[in-house]
Amino acid sequence: MITLGIETSCDETAIAIVEDGFTVRANLIARQEHLHERFGGVVPEVAARAHVEALNPLLGQALEATGLDFGDLDGVAVTVGPGLVGALLVGMAAAKSVALATGAPLIGINHLEAHYWANFLEYGAPDPPYVALIVSGGHTMLVHVPAMFRHEILGQTLDDAAGEAFDKVARLLGLGFPGGPALDAAAQTGDPQAVRLPRAMEDSGDLDFSMSGLKTAVLRHVQAERAAGRAIDIPDLAASFQEAIVDVQVTKTLEAARRTGVARVLLGGGVVANTRLRERLQGAGTAAGLEVLVPPLALCTDNAAMVACLGTARLERGERTGLDIAADPNLPLAT
Ligand code: KG4
Ligand code: ZN
């Protein structure tokens, strides 16, 4: 079974072709960071236009690279939300066109569900139950998966997503856009204990997250150092900020596993590319007797292979999406 995957929920145009659910035949991504850099964040209209320009050539490349033709496709999987509505619409229009022209069934995919399915491409489909920690530019969420395709949200962020906090602090430190990878790199040579920062909601007793107090503390530190005429030690501040975020993620993820009694935790989303988060969660998870699955770096950030992988599984169980489906910027995980 050959499934085409299309992902355009934010600022990556991504096309993948996956065979039998797990074998990645092509996984192509057209990045557009350079278009958004000077604005310090993703501009929705710019993203949508860039998807329009990138999508068809990328689709052609994927077919060429695999030696496949439109007629070989057995299914078309596309992200329908959550994400930027104008960006989602571009991928959905392409997916619907291919489905209509070829007769291959269409399946609409939830971007957040696809993020933890990225693990399936690396490790095969693990048996539920498990807890998924989904941390991206738009979401920070702990989800209990008691059975395949079922989700119980255990906690989520009350304000910014973790990736958003990385991006904002990186911007404050002049590290550029997108901030996550730059901040990760700067933190490598810093001392995580150098600047004392709050661990927001670590002891709140629930599994929700909040980033605003931490962001404010970083801003105050920068202002105080400047007022005192001292230079900011970027690596130290980056490492301290990163450690504060990671501490909370680790504590809450282990607590989520304890409360639900699962033996396995799956990580997904762009922030899982963070060196320290991967390291710490794997270390703490193993020490707590948990199996922690982490996607390879290239499958943490947005890609269409994860969409095609999940799409194949949903198509195989007989699910179909009508050609009249609309994009849903706030699409919730199916319960
Ligand atoms: O999942 P993703 O590619 O797109 C969304 O669905 O939002 O996540 C993008 C987010 C951005 O905020 C980016 O700064 C962050 O993931 N990110 C990182 C790292 N690589 C990407 N954050 C921290 N450390 C990284 N190495
Ligand atoms: Zn994402």
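Mentor: Start with Asp 233, which is partly exposed at 41% relative accessibility. The cut-offs are simple: buried is under 20% relative accessible area, exposed is over 50%, and partly exposed lies in between, with a 1.4 Å probe and protein chains only. Keep in mind that this is a predicted model, where local features need pLDDT of at least 70, side-chain atom pairs need pLDDT 80 or more, totals for chains, interfaces and linings use all residues, and side-chain values use heavy atoms without hydrogens or water. Residues count from 1 along each chain as its sequence is written, while chains are lettered from A and ligands numbered from 1 in the order written.

Where does Asp 233 sit? Find the loop between α7 (212–227) and α8 (234–260); Asp 233 is there. Helices (H or I, at least four residues) and strands (E, at least two) are DSSP runs, numbered from the N terminus. A polar atom of the Asp 233 side chain lies 3.0 Å from the backbone nitrogen of Asp 236. That is a polar contact (a pair of N or O atoms within 3.5 Å; within protein, one able to donate a hydrogen and the other to accept it; residues adjacent in sequence count only if both atoms are side-chain atoms). Now look across the chain. Asp 69 is 164 residues from Asp 233 in sequence. From C-alpha to C-alpha, the two are 54 Å apart.

The C-alpha trace spans about 65 × 45 × 30 Å along its principal axes. The chain holds 10 helices and 10 strands. Its radius of gyration is 20 Å, close to the 20 Å that the globule rule gives for 335 residues, so the chain is as compact as a globular protein of that length. The radius is taken over C-alpha atoms, and the rule is 2.2 Å times the number of residues to the power 0.38. Of the 335 residues, 50% count as buried. Take contacts between residues at least 6 apart in sequence: 73% of them join residues at least 24 apart. Contact means heavy atoms within 4.5 Å.

Next, go to some buried residues. His 51 belongs to helix α2 (residues 44–66). Its relative accessible area is 0%, so His 51 is buried. Set aside neighbours within four places in sequence. His 51 then has contacts that include Thr 8, Cys 10, Asp 11, Glu 12 and Thr 13. Gln 32, Ala 87 and Val 90 also touch His 51.

Pro 44 is in helix α2 too. Here the relative accessibility is 38%, so Pro 44 is partly exposed. Cys 10 lies 34 residues from Pro 44 in sequence, yet the C-alpha atoms are 7.9 Å apart.

Move on to helix α4 (residues 111–123), where you will find Glu 113. Glu 113 has 3% relative accessible area, so this residue is buried. Not counting residues up to four places away, Glu 113 touches Phe 149, His 151, Leu 310, Arg 314 and Leu 333.

A loop can hold a buried residue as well. Gly 269 is in the loop between β9 (264–268) and α9 (275–287). Its relative accessible area is 0%, so Gly 269 is buried. Beyond four places in sequence, Gly 269 contacts His 115, Val 135, Ser 136 and Cys 300. Gly 269 and Val 294 are 25 residues apart in sequence, with 9.9 Å between their C-alpha atoms.

Last, check the backbone. Most residues other than glycine have a negative phi, and most peptide bonds are trans. Asp 20 has a positive phi, near 50°. Look for Asp 20 in the loop between β2 (12–19) and β3 (23–31). At 45% relative accessible area, Asp 20 is partly exposed. Met 201 also has a positive phi, about 60°, though it is not a glycine. Met 201 sits in the loop between α6 (179–187) and α7. Its relative accessible area is 22%, so Met 201 is partly exposed.

Now the cis peptide bonds. One joins Gly 81 and Pro 82, with omega about -15°. Pro 82 is in the loop between β4 (75–81) and α3 (85–102). Another joins Pro 128 and Pro 129, with omega about 5°. Pro 129 is in the loop between α4 and β6 (130–135).
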